[in-house]
Amino acid sequence: MHELTLLFGVADQVGRVVKENDIDHVDAVVLEVGEATAVVPEFMYDGYSVISDEYDFLRGSELIINVVKAVGRCRNCGKEYEIAPNEGKCPECGSFSKEIIAGQDFLIKEVRLYGDC
Ligand SMILES: [Zn+2]
């Protein structure tokens, strides 16, 4: 499953942050996932409960996903529009030809630590 591969990557990166900052455990990992990435948040949550158990620093932590809307710019008329509600079609001229200008990223936005401060 594609999502598990991504989650192992996330665990690696969080592991590095944990090491660099000399912390033992994180409480939440916040991801920013674009709609245009084809990542399914439900699978991410399911996978996370499995993966977080394999790393001491992630055990019992929470996954938070911020979904970023996919926005396209029409190659025909230049209109910028949200792709999902328009089913990929320009609401202005009806063209499917577009450049995706937002919603393609997958990144770790934040690692949260609760309490202890
Ligand atoms: Zn257009």
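**View A. Strands β1 and β6 pair in the antiparallel sense.** Six bridges join β1 to β6 in this predicted model. Helix α1, residues 2-20, lies across both β1 and β6. The helix runs at about 45 degrees to β6. Helix α2 also packs on the sheet, where it touches β1 and β2. The direction of α2 makes about 165 degrees with that of β2.

**View B. Strands β1 and β2 pair in the parallel sense.** β1 covers residues 28-34 and β2 covers residues 62-68. Seven bridges hold the pairing. Among the paired residues are valine 30 and its bridge partner in β2, isoleucine 64. Between the two strands the chain passes through helix α2, residues 41-51. This β-α-β crossover is right-handed.

**View C. An open sheet of three strands has the order β2-β1-β6.** Its pairing is mixed: β1 runs parallel to β2 and antiparallel to β6. β2 and β6 (106-112) stand at the edges. Each has a single partner strand, so one side of each lacks a neighbour in the sheet. On average, neighbouring strands here are turned by 20 degrees against each other, direction ignored. Strands of a sheet pair through backbone hydrogen bonds, in either the parallel or the antiparallel sense.

**View D. Helix α2 has a buried side and an exposed face.** Met44, Gly47 and Tyr48 are buried. These three cover an arc of only 110 degrees around the axis, which puts them on the same side of α2. An α-helix has 3.6 residues a turn, so residues three or four places apart point the same way. The buried residues of α2 pack against α1 and β2. Turned away from that buried side is a face with the exposed residues Glu42, Ser49 and Val50.

**View E. Alanine 11 sits in helix α1.** Is alanine 11 buried, exposed or partly exposed? Alanine 11 has 18 other C-beta atoms within 10 Å. A buried residue needs 20 or more, and an exposed one has 12 or fewer. Alanine 11 is therefore partly exposed. Leaving aside residues up to four places away in sequence, alanine 11 touches Ile51, Tyr55 and Leu58. Arginine 73 is 62 residues from alanine 11 in sequence. In space the two are 34 Å apart, C-alpha to C-alpha.

**View F. Helix α1 and the residue that comes just after it.** α1 has 19 residues. From first C-alpha to last, the helix reaches 28 Å. That is close to the 27 Å expected at 1.5 Å a residue. Just after α1, aspartate 22 takes a positive phi of about 55 degrees.

**View G. A three-stranded open sheet has the order β4-β3-β5.** Its pairing is antiparallel. β4 (80-82) and β5 (98-102) are the edge strands, and each pairs on one side only. Neighbouring strands are turned by 35 degrees against each other on average, direction ignored. Strand β3, residues 71-74, is joined to β5 by four bridges. The two run antiparallel. Cysteine 74 stands opposite lysine 98 in β5.

Key:
Residues are numbered from 1 along each chain as its sequence is written. This is a predicted model: local features need pLDDT of at least 70, side-chain atom pairs count only at pLDDT 80 or more; totals for chains, interfaces and linings use all residues. Two strands pair if DSSP finds at least two bridges between them. A crossover is right-handed if, with the strands pointing away from the viewer, the path from the first strand over the helix to the second runs clockwise. Axes are lines fitted to C-alpha atoms, for helices over the stretch in contact, and angles run from 0 to 180 degrees between N-to-C directions. Two residues are in contact if their C-beta atoms, placed from the backbone, lie within 7 Å. The arc is that of the directions from the helix axis to the C-beta atoms. The expected span of a helix is 1.5 Å times one less than its number of residues.
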